[in-house]
Amino acid sequence: MAPFPVSLMSGGSRLFDRLRNYYTKQDVPVPPPITSQTALLCAILFTVIYVAPFYLSATLRSTPLQSRDAPAVIRARVRAVGLSCLVSTVITVYVLAIHGHATPPDVARLLGLWPIDPLDIAKVLGLVAVLFVGPLYETFIVDSAWRQVSVSSLKSGLIDNWIGYRNIVVAPASEELVFRALTISLYLLAKVHPTRIVFTTPLIFGLAHVHHLVEFLQSRTPQGHRSPPLAIWISGIVRTLFQFTYTSLFGFFAAFVYLRTGNLWAATLAHSFCNWQGLPRVWGRVGQFAESYEYMTPDVAQGKRDEDVDAAVKVGNSLMQTEEENEAKAAHVQVPGPNNLGVGWTVVYYVLIIAGSFGFYRLLWPLTESTNALAVFR
């Protein structure tokens, strides 16, 4: 097992020579510069540095009166996340340079910042698009989103909109830097088996989302009470366990991509793509009028979308409708139309979901193969 391709390390720095000799057994093996326990402790430290400010500062906390989607909260969190990333990066570079004797090119290589290979990025995005071919079909064909594609719409969604800026730009960039580049580089320095890296480091990423349970409970605790009702506890635990599973699965993929391509940019853009699409639909029909659907992404800073006051009022109003009104509405919804398509569209969607999953499975290794790989899986 050689976590670094020998051809890439030949003639490299002392750090890469030591790693090459250790894994290829060309010389007498030497102990790794740091232990795997040290790498794990650093990963946990990075998680604490990333998450703790959300609760230590009143400006960053979400409450029943202040949603995490409020622009002021998002701006404060973006600043906090930027500072957290800086601190964690300094710690990682220090460990790599002092204990690993890494040169600046070594650091850039281990952090996936260089070389930048556009082909690797394109292949990874193509792989993710294959997996999401069903949701893409629903977004662009069923919901006719292709009509709104333009430079102005991208600007309004990614730059002018604070929620979009957080979900698509800041969260993927910061989380991939901390939970992939910084964490995995230390595991590589500790000479941990690549397969172990893929299946253990994402669990830290998944556990980082457990803090959403605290945030969920805090935002739904009535004023004057120390704790929310039992139903809220159960709902929060179920949501958190589901998000832990979903984010860990994504983390396995992102860690695999990072090791196979050595490209932080590819992992970050794949993360942005998944945040844009959200969790794929696995039930219900496409093209229906006013369908309720949970939107969830693998973000630590974002969490799950809050149910705002307006949404609660809408639910209340629907419950107060008379039986005749509900029957009339149901009859209207069943009529095929531009926003309420027939069952054939749904059949195509689920066929594409299955085909996309199979295509992803078949293309996972070919489309992540790269001469810039940080690890070789054998």
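Mentor: Here are some questions and answers on helix packing, salt bridges and contacts. This is a predicted model, in which local features need pLDDT of at least 70 and side-chain atom pairs count only at pLDDT 80 or more, while totals for chains, interfaces and linings use all residues. Residues are numbered from 1 along each chain as its sequence is written, and side-chain values use heavy atoms, with hydrogens and water left out.

Trainee: How are α7 and α13 oriented to each other?

Mentor: Helices (H or I, at least four residues) are DSSP runs, numbered from the N terminus. The axes of α7 and helix α13 (residues 230-261) are 11 Å apart, at an angle of about 155°. Axes are lines fitted to C-alpha atoms over the stretch in contact, and angles run from 0 to 180 degrees between N-to-C directions. Angles under 35 degrees count as roughly parallel, over 145 as roughly antiparallel, 65 to 115 as roughly perpendicular and the rest as oblique, so α7 and α13 are roughly antiparallel.

Trainee: Which residues of α13 meet α7?

Mentor: Contact means heavy atoms within 4.5 Å. On the α7 side are Asp120, Val124, Leu127 and Val128, and they meet Phe253, Val257 and Thr261 in α13.

Trainee: Is Asp120 buried or exposed?

Mentor: Buried means under 20% relative accessible area, exposed over 50%, and partly exposed in between (1.4 Å probe, protein chains only). Asp120 has a relative accessible area of 3%, so Asp120 is buried.

Trainee: What else is Lys123 in contact with, leaving aside its neighbours within four places in sequence?

Mentor: In C-alpha terms, Lys123 and Ala266 are 8.7 Å apart in space, though 143 residues apart in sequence. Beyond those sequence neighbours, Lys123 is in contact with Pro366, Leu367 and Glu369.

Trainee: How many residues apart in sequence are the parts tied together by Glu138 and Arg281?

Mentor: Glu138 and Arg281 form a salt bridge, with their closest N and O atoms 2.7 Å apart. Glu138 lies in helix α8 (residues 133-142), whereas Arg281 is in the loop between α14 (264-277) and α15 (309-319), so the pair ties together parts whose separation in sequence is 143 residues.

Trainee: Why are Arg180 and Glu176 separated by about one helical turn?

Mentor: Their side chains meet in a salt bridge (2.8 Å, N to O). Arg180 counts as buried at 0% relative accessibility, and Glu176 is also buried at 0%. The separation is about one helical turn because, in helix α10, Arg180 and Glu176 are four residues apart.

Trainee: How are α10 and α11 oriented to each other?

Mentor: Helix α10 (residues 162-189) and helix α11 (residues 194-207) have axes that come within 10 Å. Arg180 is among the α10 residues that meet α11, where Ile197 and Phe205 are among the partners. The axes cross at roughly 140°, so α10 and α11 are oblique.

Trainee: Is Pro31 buried or exposed?

Mentor: Pro31 sits in the loop between α2 (14-24) and α3 (36-51). Its C-alpha atom is separated by 8.8 Å from that of Ala190, 159 residues apart along the chain. With 63% relative accessibility, Pro31 counts as exposed.

How values were computed. Helix = DSSP H or I, 4+ residues; strand = E, 2+ residues; numbered from the N terminus. Salt bridge = Lys/Arg side-chain N within 4 Å of Asp/Glu carboxyl O.
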